[in-house]
Amino acid sequence: ESVERTDFVVDEVAFDGPVPTWGVFHATPDGRLFLIWNQTGDGDESGMFIQRVVPGEDRAPVRIPIERPLNQFFNAAERAGAAPSNTIDLIGHPADNGNVLRYIQLRMDD
């Protein structure tokens, strides 16, 4: 969780924690739903993360160990015509170079 606040002295919006920049949902064949997102922050708070979405449960996010995380990306999802899968395909722009497209494939263990 990150809460937006305004610094009235310099008229800027700031956050009190990591700032999410982009996110997508991913469904698996067995009905699980995951949220994948990128966030900016200090140290280990920055990068790409994944978290299973379970109503009523507070699950801890897992940092995805990617050397060059994507800050804007799309996935092969059901809304784009793909079947639910244990493989996550992501395409997007890395945070350090918005003029490049990168492809990342993640395989999920059962």
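Ile88 has its place in strand β8. The model is a predicted one.

Visitor: Why is Ile88 called buried?

Guide: Buried means under 20% relative accessible area. Ile88 has a relative accessible area of 0%, so Ile88 is buried.

Visitor: Which residues is Ile88 in contact with, leaving aside its neighbours within four places in sequence?

Guide: Contact means heavy atoms within 4.5 Å. On that basis Ile88 is in contact with His26, Ile36, Ile50, Ile104, Gln105, Leu106 and Met108. As for Asn75, this residue is 13 residues from Ile88 along the chain, and their C-alpha atoms are separated by 7.0 Å.

Visitor: How do you know that β8 pairs with β7?

Guide: Two strands pair if at least two bridges are found between them. Strand β7 (residues 70–75) and strand β8 (residues 87–94) are joined by 5 bridges, and they run antiparallel. So the pair meets the definition. Phe73, for one, stands opposite Gly92 in β8.

Visitor: What makes β8 and β9 a pair?

Guide: The cut-off is again at least two bridges. Here 6 bridges join β8 to β9, and the strands run antiparallel. So they pair too. Leu90 has Ile104 in β9 as its bridge partner. Thr87 stands opposite Arg107 in β9.

Visitor: What is the order of the strands in the open sheet?

Guide: The open sheet has 3 strands in the order β7-β8-β9, with antiparallel pairing.

Visitor: Why do β7 and β9 stand at the edges?

Guide: Each has a single partner strand, so one side of each is left without a neighbour in the sheet. From one strand to the next, the twist averages 35°.

Visitor: What makes a residue part of the lining of the second largest pocket, and which residues line it?

Guide: A lining residue has an atom within 4 Å of a point of the pocket. The residues that line the second largest pocket are Phe34, Ile50, Gln51, Arg52, Ala60, Val62, Ile64, Ile88, Leu106, Arg107 and Met108. Two or more residues each come from β5 (47–52), β6 (62–64) and β9 (102–107). β5 gives the most, with 3 residues. The space in this pocket is about 150 Å³.

Notes: Residues numbered from 1 in each chain as written. Predicted model: local features only at pLDDT ≥ 70, side-chain atom pairs only at ≥ 80, totals over all residues. Heavy atoms only, no water. 1 Å grid on protein atoms, 1.4 Å probe; cavity = no way out; pocket = protein on both sides within 12 Å on 5 of 7 lines; lining within 4 Å. Points joined across faces, edges and corners; volume = space filled by probe spheres on them. Helix = DSSP H or I, 4+ residues; strand = E, 2+ residues; numbered from the N terminus. Buried < 20%, exposed > 50% of the residue type's maximum accessible area, 1.4 Å probe, protein only. Axes fitted to C-alpha atoms, helices over the stretch in contact; angles between N-to-C directions.
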